[in-house]
Amino acid sequence: GVQVGAFNSQKASQQALTAAGKKAGRHLAAARAVVSPLKTSKGTVYRARFVGLDEQGARSACAALAKAGRQCAPIAPQS
């Protein structure tokens with residue numbers, strides 16, 4: 001999968017997913033958009049992720065997002 005950001009609110013994460021989907025839609029068509037909360041010592045961070053992509057799909061999606069000026073990081077599947 002790919003992570004397109006980590007935010008202080010669930011709403012901001014959802015907005016990032018929507019924006020990324022518009023920029024790299026065909027690369028993310030097979031993926032599922034999820035907001036993944038992570039509790040930290042400074043509070044909860046909401047990670048905006050697209051999951052369900054293989055490694056090549058994740059790299060292609062990140063390349064398309066980078067070309068569109070958006071940040072992106074490939075992530076390993078969660079177990």
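Two strands are taken to pair if DSSP finds at least two bridges between them. Helices (H or I, at least four residues) and strands (E, at least two) are DSSP runs, numbered from the N terminus.

Good morning, colleagues. What I present is a predicted model, in which local features need pLDDT of at least 70 and side-chain atom pairs count only at pLDDT 80 or more, while totals for chains, interfaces and linings use all residues. Residues are numbered from 1 along each chain as its sequence is written, and side-chain values use heavy atoms, with hydrogens and water left out.

Let me begin with the sheet. It is open, has 4 strands in the order β2-β3-β1-β4, and its pairing is antiparallel.

I now take the pairs in turn. Strand β2, residues 32–40, runs antiparallel to β3 and is joined to it by 9 bridges. A hairpin of 2 residues connects β2 to β3. Within this pair, Leu 38 has Val 45 of β3 as its bridge partner, and Ala 33 has Phe 50 of β3.

On to the next pair. Strand β1 (residues 2–7) is joined to strand β3 (residues 43–51) by 5 bridges, again in the antiparallel sense. Here Gly 5 is partnered by Ala 48 of β3, and Ala 6 by Arg 47 of β3. As a general point, side chains in a regular strand alternate between the two faces of the sheet.

The remaining pair is β1 with β4, antiparallel over 2 bridges. In β4, Pro 74 is the bridge partner of Val 2.

Next, the helices. Helix α1, residues 10–23, lies across β1, β2 and β3 and runs at about 20 degrees to β3. Helix α3 lies across β1 and β4, at about 55 degrees to β1.

What, then, makes up the largest nonpolar core? By nonpolar core I mean a set of buried Ala, Val, Leu, Ile, Met, Phe, Trp, Tyr and Cys residues joined through side-chain atoms within 4.5 Å. Buried stands for under 20% relative accessible area, exposed for over 50%, and partly exposed for values in between (1.4 Å probe, protein chains only). The largest such core has 16 residues, and those with the most contacts inside it are Val 2, Val 4, Leu 28, Phe 50 and Leu 53. Two or more residues are given to this core by each of β1, α1, β3 and α3, and the largest share, 5 residues, comes from α3. Leaving aside residues up to four places away in sequence, Leu 28 touches Val 2, Ala 20, Gly 21, Phe 50, Leu 53 and Ala 61.

The structure holds 1 disulfide (a pair of cysteine sulfur atoms within 2.5 Å). Cys 62 and Cys 72 form this disulfide, with their sulfur atoms 2.0 Å apart, and the link is left-handed, at -60 degrees about the S-S bond. Because Cys 62 lies in helix α3 and Cys 72 in the loop between α3 and β4, the pair ties together parts that are 10 residues apart in sequence. Cys 62 is buried at 10% relative accessible area, whereas Cys 72 is partly exposed at 22%.

Finally, which residues meet in a salt bridge? The term denotes a side-chain nitrogen of Lys or Arg within 4 Å of a carboxyl oxygen of Asp or Glu, and by this rule the count is 1. The side chains concerned are those of Arg 59 and Glu 55, at 3.1 Å from N to O. These residues are 4 apart in helix α3 (residues 55–67), so about one helical turn separates them. Arg 59 is partly exposed, with 46% relative accessible area, and Glu 55 is exposed, with 56%. Thank you.

Terms used: Contact = heavy atoms within 4.5 Å. Axes fitted to C-alpha atoms, helices over the stretch in contact; angles between N-to-C directions.
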